[in-house]
Structure formats: structure tokens, C-alpha cells
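Here is a short report for someone meeting this structure for the first time. Look over the sequence and the model, then read on.

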Amino acid sequence: MSGGDGPAPLVLLFRRDLRLTDNPAVAAAAASGRPVIPLFVLHEGEGVRPLGGASRWWLDKSLRALATALEATGARLVLRRGPLAEAAAAVVRGAGAAELMFSRVHEPAAAAAEAEMTRRLESAGVEVRAFNASLLHEPGQVLNGQGRPYQVFTAYWRAARPTLEPGRAFAEPGRLPAPSTWPASEALDDWGLHPHRPDWSGGFAVWTPGEAGAKAALEAFVDQRLADYAARRDRLDAEGGSRLSPHLHWGEIGPAQALRAVLTAVHAGEARGGAAEKFLAELGWRDFAADLLAQHPHLPDRNLRPQFDRLAWRRAPAELAAWREGRTGFPVVDAAMRHLRATGFMPNRARMIVASFLTKDLLIDWREGEAWFWDCLVDADLASNAMNWQWAAGSGVDAQPFFRIFNPSSQAQSSDPHGAYVRRWAGESLAAPIVDHAAARARALEAMKRAGG
DNA sequence: TTTTGAGTTGTTCGA
DNA sequence: GTCGAACAACTCAAA
């Protein structure tokens with residue numbers, strides 16, 4: 001504590017929790033009685049994968065929304081770049097802060113950076129408190145009878161689901177006491193998060209990043225689509241998904257808030273338990289992916305099943321480019337890939353179709369697809385993206401039988417029976433098919449049999 | 001330790 | 001057109 005003019009300030013470090021409502025770190029900071037200095041660090045350091053383009057676009061808007069919301073509390077959002085530990089320590093030191101609070105990011109590299117930051121601050125006599133604002137269950141929390149982490153979702157969820165309760169939301173902050181002087185902040189415009197030359201983000205206007213947009217999205221989902229969720233989420237022509245994934249990724253809304261909203265709707269008789277359970281299981285998949293990534297730090301870049309290391313993936317740059325750009329000649333694949341580029345999003349069912357097409361029909365390494373999704377998706381999430389690509393390729397822990405290869409035509413027939421989705425996103429000029437599905441299927445089966453044998 | 005049942009999302013073929 | 005079986009083998013989780 002410095003001087004005689006009140007308590008030393010507290011640094012409130014925002015991570016993947018860009019919200020004020022139901023945020024444990026924000027609530028704790030507000031209750032501390034200390035002046036609060038909100039900080040966001042754009043973490044650039046070793047082992048940390050740079051954000052993809054769509055994620056950068058989203059973060060730009062979300063930080064602006066957070067800064068505005070903080071202004072209403074009398075606070076300012078301080079922006080810094082650099083390795084997390086250095087940037088946070090510099091702000092703490094400069095402000096003479098006595099405490100730092102943050103909500104954990106559970107990815108291995110991020111967790112390591114947080115541990116380094118914590119070590120450093122604590123050795124300088126600064127109190128550090130960490131919270132969970134982004135998962136219903138943190139990695140390592142759900143264990144089987146042997147005390148070991150689960151490797152398959154169904155068993156994981158059987159154990160995790162019964163422990164979920166609506167719980168109480170953390171209080172919103174009122175006015176946050178301001179420090180006598182504010183640390184210098186970088187200018188968001190200087191970070192260049194919004195794309196330029198070219199600005200490809202015109203179609204992203206369908207999104208409203210930030211806490212207000214997240215709350216509106218949750219409300220619209222619960223009111224309008226939850227009741228039919230289980231059936232319609234697999235329809236490409238119905239927009240039956242929750243569309244919450246990017247908001248959840250950046251923590252503009254927490255999974256606990258979604259859980260409460262959904263259970264409340266069921267309780268009020270606005271939706272059946274079955275639809276709610278289907279959605280809750282999707283929240284469970286987020287937790288499960290984070291758990292798997294913590295268990296297997298190489299999930300994003302190494303086959304979980306080692307026999308896949310022997311698989312003879314094809315190097316086919318022209319076909320990879322055709323896939324990326326939606327020029328494969330398979331209407332549903334091309335529609336989905338164009339949808340992705342235009343809006344930064346693709347429905348879950350479409351993701352499975354294009355992932356199966358890349359890894360089976362084209363026999364191209366799933367890591368190529370993972371990288372493209374990482375760059376293009378507004379909800380790009382290291383754990384979920386990697387887990388799902390490995391699942392689609394068959395190289396993951398919770399693997400499907402390798403002969404389970406999607407047929408683009410029958411998938412289109414069941415998920416887009418009237419062709420509305422295809423017309424919307426790939427209405428004009430479809431190329432001739434770049435592969436024959438039956439032959440490609442046989443090729444993939446043969447290659448996978450050889451690698452697995 | 002051994003056994004047993006099961007595993008997000010599928011496709012094809014033949015009766 | 002509809003239906004059920006076959007498509008491999010393996011790993012995981014629990015009893």
C-alpha cells in the first residue's frame with residue numbers, strides 16, 4: 001500500500017471473459033474496495049498461436065464494446081501488447097497495484113503464460129487471484145472411477161451432467177472506484193485487428209460482438225429456437241443453431257448464463273427438457289474439448305491415434321485451394337465453404353460434411369482443414385477446432401469407425417432437402433466435381449486400412 | 001484382473 | 001421403397 005491516500009489499486013485483467021455481467025473476477029474486483037484498473041493484453045509470445053483473421057475482426061469489436069461498457073462504470077480499459085507476464089507486470093508496477101485478478105484461459109500455452117505471470121507478481125508481493133468464467137467444468141475436474149480423466153464424451157457427460165445446477169449469477173458492478181492516475185494505453189486502432197486491403201469482412205455484419213450482442217443472441221435463441229433445437233440444428237436451411245459460439249468463445253456470455261437461461265425456459269414450460277438437454281450437451285462438448293486439450297497439449301497438431309502418423313495423406317494444393325474457395329463441384333460443400341468465408345461461420349452439420357470431404361474424399365491432412373477453420377471462423381477455438389477435426393478424420397480419441405464416410409449427396413438430401421442452403425451460398429456457377437465420390441471413398445478406405453493394419 | 005458393453009453425428013447393399 | 005445387416009477393430013469405462 002502506497003502513501004496515505006487510500007488503498008492501492010487492483011488490476012482487473014480481462015482474458016477470454018469480455019463481459020461485466022456474471023463475471024467472477026469483475027465481481028471480486030468491484031467488491032475489493034480498491035481502485036480498479038481494467039486491462040487487456042494482446043498476448044504475443046512463444047508457443048501461442050496467432051489469432052486468425054476472423055478472430056481478430058471479432059476481438060476488435062468486442063474490445064470496443066467492453067471499453068464502452070467500462071466507461072459507464074467510470075473505468076477505462078487499458079490495452080497492452082506483448083508476452084502476458086511482462087505486459088501485466090509492467091502495468092501492475094507502474095500503477096503501484098497490490099492485487100491482480102483474472103479469469104483463466106485453459107489452453108496449455110495460455111495457462112503457462114498465466115502461471116509465469118502469477119509467479120512473477122507473487123514474488124513481487126502482489127496478490128493474484130484466478131477465477132473460472134468460461135467453462136462449466138474446468139479441465140481435471142471431471143474424473144472417472146479410477147481418478148483419471150475421461151477419453152470419450154458419453155462417459156464424461158454421464159459423470160458431469162448431474163453436477164450441473166443453475167446457481168447464482170455474480171453481481172454486476174456499479175461504479176468502479178478509479179485510480180488517481182490511469183496507466184497509458186495503446187490505441188486499439190494501432191493493433192490493426194480489422195482487416196484492410198482488402199477488407200473482406202462485409203458479410204460479417206450479421207454479427208454483433210460484445211456483451212449486449214451476446215445477451216440478445218441468447219435471448220433470441222431461448223425464445224425462438226430452443227424448442228426445436230434438437231431437430232433443427234442438423235438442418236442447413238433452418239438456422240436452427242444457437243449461434244452463441246463466438247460469444248461464448250470470447251466470454252461475452254458465460255456458459256453458466258446459458259445454462260440458467262435454458263433451465264429457466266424449461267421450468268417455465270417454454271421448451272421441453274429434451275431440447276434443453278441437447279443444447280446442454282453442446283456446452284458439455286466445450287468443456288470436454290478443453291479437458292482433452294489440457295490432457296493432450298498436442299491435440300491441435302498431432303494425431304491422437306499414432307497409427308494415423310502412417311497414413312499417406314495426399315499433397316494436392318490445387319484440390320486444397322478448391323476446397324477452401326468452394327470450387328469442388330459438390331454443391332453442399334461449396335455452399336458451406338463460401339458461407340464460411342462470407343460470414344465467418346458454418347453450421348455444425350456443414351462442418352462435418354466439409355471436414356469429411358477434405359479428409360476422406362480428398363484424403364488431405366486434417367491439419368490443413370484445422371488451419372483454414374482457425375483463420376476463417378469467428379468462433380475459432382483451439383480445443384474445439386482441434387478435437388472436432390481429429391474426430392472427423394478418425395484420428396481422435398473418440399473416433400468413429402473409419403468406414404463412416406459422409407456422402408455429400410445424401411447429406412445434402414437430408415440436411416438441405418429443398419436446396420435452399422445451396423442456392424443461397426452457391427447459387428451460381430458450380431464447377432464439375434473434382435473427384436468421383438465412390439472412387440474417392442474406396443481410396444480413403446484403402447489408405448486408412450493400410451495405415452491401421 | 002478380467003470381462004463386458006458401448007462408442008455424437010454414416011453408407012451401402014441386398015432381401 | 002423400406003428395412004436390417006454388414007461394414008473392423010480397438011479403446012474406454014465400469015462392473
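A residue is called buried if 20 or more other C-beta atoms lie within 10 Å of its own, exposed if 12 or fewer, and partly exposed in between, with C-beta atoms placed from the backbone. The model is predicted: local features need pLDDT of at least 70, side-chain atom pairs count only at pLDDT 80 or more, and totals for chains, interfaces and linings use all residues. Residues are numbered from 1 along each chain as its sequence is written, while chains are lettered from A and ligands numbered from 1 in the order in which they are written.

**Overall form**

Chain A holds 18 helices and five strands. Helices (H or I, at least four residues) and strands (E, at least two) are DSSP runs, numbered from the N terminus. The C-alpha trace of chain A spans about 80 × 55 × 50 Å along its principal axes. Of its 453 residues, 47% are buried. Two residues are in contact if their C-beta atoms, placed from the backbone, lie within 7 Å. Among contacts in chain A between residues at least 6 apart in sequence, 81% join residues at least 24 apart.

**I434**

I434 sits in the loop between helix 17 (420-426) and helix 18 (437-452). I434 counts as partly exposed because 18 other C-beta atoms lie within 10 Å. Beyond its neighbours within four places in sequence, I434 is in contact with E319, A322, T328 and G329. W323 is 111 residues from I434 in sequence, yet their C-alpha atoms are 9.7 Å apart in space.

A nonpolar core is a set of buried Ala, Val, Leu, Ile, Met, Phe, Trp, Tyr and Cys residues joined through C-beta atoms within 7 Å. The largest such core has 131 residues, and V11, L12, I37, L39, A88, L100 and A336 touch the most other members. Helix 10 gives the most to this core, with 10 residues. Leaving aside neighbours within four places in sequence, A88 is in contact with V11, L13, L39, V41, L100 and M117.

M117 is also one of the buried residues of helix 4, including P108, A113, E114 and L121. Their cover includes strand 2 (36-43), helix 3 (84-95), strand 4 (99-103), strand 5 (127-131) and helix 10 (273-295). After helix 4 comes G125, with a positive phi near 85 degrees.

**Around the DNA**

A residue is near a strand if its C-beta atom, placed from the backbone, lies within 6 Å of it. Ala, Val, Leu, Ile, Met, Phe, Trp, Tyr, Cys and Pro count as nonpolar, Asp, Glu, Lys and Arg as charged, and the others, Gly among them, as polar.

| Surface near | Nonpolar | Polar | Charged |
|---|---|---|---|
| DNA strand C | seven residues | three residues | no residues |

Around DNA strand B there are 16 residues, of which T154, D398, R404, F406 and N407 come nearest. Helix 5 (153-160), helix 13 (348-361) and helix 16 (408-415) each supply at least two residues of that surface. DNA strand C is surrounded by residues including N144, Y150, Q151, P401 and F403.

Most residues other than glycine have a negative phi, and most peptide bonds are trans. The peptide bond from R197 to P198 is cis, with omega near -5 degrees. R197 has a positive phi of about 45 degrees. R197 lies in the loop between helix 5 and helix 6. R197 is exposed because 5 other C-beta atoms lie within 10 Å. R243 also has a positive phi, near 60 degrees.
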